Amino acid sequence: MTATTVLAADTPSLVQSVDWLAIAPVIITAAVALAVLVADLFVPEGRKPLLGWISVAGLAAATATLLPLRGGDRTTFCLTTDPAACSYTADRFTLVVQFLVLAGALVTALMSVTVVREARTPAGEYWFLLLSSAAGAALLPASRDLATLIVALEVASLPAFALVGMRRGDRLSSEAALKFFLSSVTATAVSLMGVSLVYAATGSLHLTQVAGRLEDVPGQLDTLAMAGVALTLVGFAFKTAAVPFHFWVPDTYVGAPLPVAGYLSVIGKAVGFTGLVLVTVIAFPAYSDIWGPALAVLAALTMTLGNAAALRQSADRSHSAVRLLAWSSVGQAGYLLVPIAAAAYSDRHQIGSTVAYALMYAAVNLGAFAVAALVARTKPLHRISDYRGLYAQRPAAALSMAFFLLCLAGLPPGIIGLFAKVAVFRSAVDAGLGWLAVVMAVNVVIALYYYLRWTALLFRTPEAAEGVPARTKAPWPVAAAIALTAITALVLSGAPQLVLRFASGSLFPL
């Protein structure tokens, strides 16, 4: 036997088989994005709306491919030397978040069909950017190495900058896109610095290997590892709009088209919270004494500042409705952070409460933005006062909006909102974070005021000067988005166990 033969026998093969079914949701979304961009070159102007329906169909197909994966036991792109270290894992956590992302993007696409046509937005570019961002957001929960996590984060984020600035000639849109871009790039740069420090301390980027090696970091590298852990969290905290990384939210939501604002409020947050869960619970459990207290403080600050700012919104101020939803989303982000912080003090099963809450929040918040998009067709100033007497003009839309707001407030008949808040509250109590549970309870009471104030406005008599406006027909894609989210919220309120089972079970392999 020659030396070459011996060397070949001892060298592990670098050839991998790819599990195409596992990565199908991401591949289909990305492929449809490229197809739409190319098709835009050949489709005549009068048939551009067809691109929107291709995008809707693509997102529906990508969502449907999650069904064969429901076993949650597939991996691919694994190291040949360590089959347990994989770059892509389709476990239960991945599938739940991918469903949230793809279904949320589907609702956003339905909201966008009419907006793209009426605002004369470049159709090919819009749908390409939306689908590309959705592909990155769907990749992130499956990512199990730090390099793929950062790449997925940027693929989800970079198209979003352009989507925010798509309204040509609109100063607010341009300013919002620039502020969003500069602050996000800074946060990403800090995260990349953190990843490089973690790699220097551990010699690996795979989350499972990083976790094992951080358990036994040499003393001279301990400070380096701690700095890397802290800096890595910054980029994901920015995406969640956690205080003090929240300052981009109000102006970005106001400047963006309403479907894009709704997309950022749900899918953008899902990206941030997914990244936080993966790096804290899987990669950095050895440093839970650092990120646990930090996230607990961030949760308290975020929910308090978000609710206080939402409380101050004047009903007659332009864009006050969008600003209230923006600040409300900051407050909701604080609740979502609570179970992640609690996981540092008990076990990682606590993060199931974050997933359960995120599913509820995604359905009702997208629904609220869909109703806002409908109201904005006749009242483009986006004021809260524009919703006065909405029930007299559009009873179904008013009832849907009232239900969405009650779910966000956690009041009956929005049972799913109440139960989701209880699950988050319980995670804090079980982890021994009694002070955080008290802060959350106070903030829930504060939020009741502005949610109920808006709800009551929907059923008040229109002002005499306005009367009951002439009823106009709602575009059916927007009506479909409202109906889809309202039905989902109703079903979840009638059977909250469909979501709450995630709060009590393990989403990661044992």
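Start with helix α4, which gives nine residues to the lining of the largest pocket, the most of any contributor. Keep in mind that this is a predicted model. Select residues 92-118 to show α4.

**Stop 1: the largest pocket**

α3 (49-64), α14 (351-375), α19 (476-494) and α20 (497-504) each supply at least two lining residues, as does α4. The space in this pocket comes to about 840 Å³. A total of 27 residues line the largest pocket. To find its centre, select Val96, Phe99, Leu100, Ala103 and Leu359, the closest of the lining residues. Then colour the lining by class: 20 residues are nonpolar, four are polar and three are charged.

**Stop 2: the second largest pocket**

Here the space is about 530 Å³. The second largest pocket is also lined by 27 residues. Select Val115, Ala119, Arg167, Pro257 and Leu258; these lie closest to its centre. Next, show α4, α10 (249-255) and α11 (258-283), the elements that give two or more residues to this lining. Which element gives the largest share of the lining of the second largest pocket? That is α4 again, with four residues. Colour this lining by class too: it has 17 nonpolar, four polar and six charged residues.

**Stop 3: the loop between α9 and α10**

Move to the loop that joins α9 (222-239) to α10, and pick out Pro244. Ala241 is not a glycine, yet its phi is positive, at about 65°. Is Ala241 buried or exposed? With a relative accessibility of 0%, Ala241 counts as buried.

**Stop 4: strand β1**

Jump to residues 74-78, which form β1, and select Phe77. Phe77 is another non-glycine residue with a positive phi, here about 55°. Its relative accessible area is 35%, so Phe77 is partly exposed. The band for that class runs between 20% and 50%.

**Stop 5: the loop between α16 and α17**

Finish between α16 (395-409) and α17 (415-430), where Pro413 sits in the loop. Select Pro412 along with Pro413. The peptide bond from Pro412 to Pro413 is cis, and omega is near 5°.

Notes:
Residues numbered from 1 in each chain as written. Predicted model: local features only at pLDDT ≥ 70, side-chain atom pairs only at ≥ 80, totals over all residues. Heavy atoms only, no water. 1 Å grid on protein atoms, 1.4 Å probe; cavity = no way out; pocket = protein on both sides within 12 Å on 5 of 7 lines; lining within 4 Å. Points joined across faces, edges and corners; volume = space filled by probe spheres on them. Nonpolar A, V, L, I, M, F, W, Y, C, P; charged D, E, K, R; others polar. Buried < 20%, exposed > 50% of the residue type's maximum accessible area, 1.4 Å probe, protein only.
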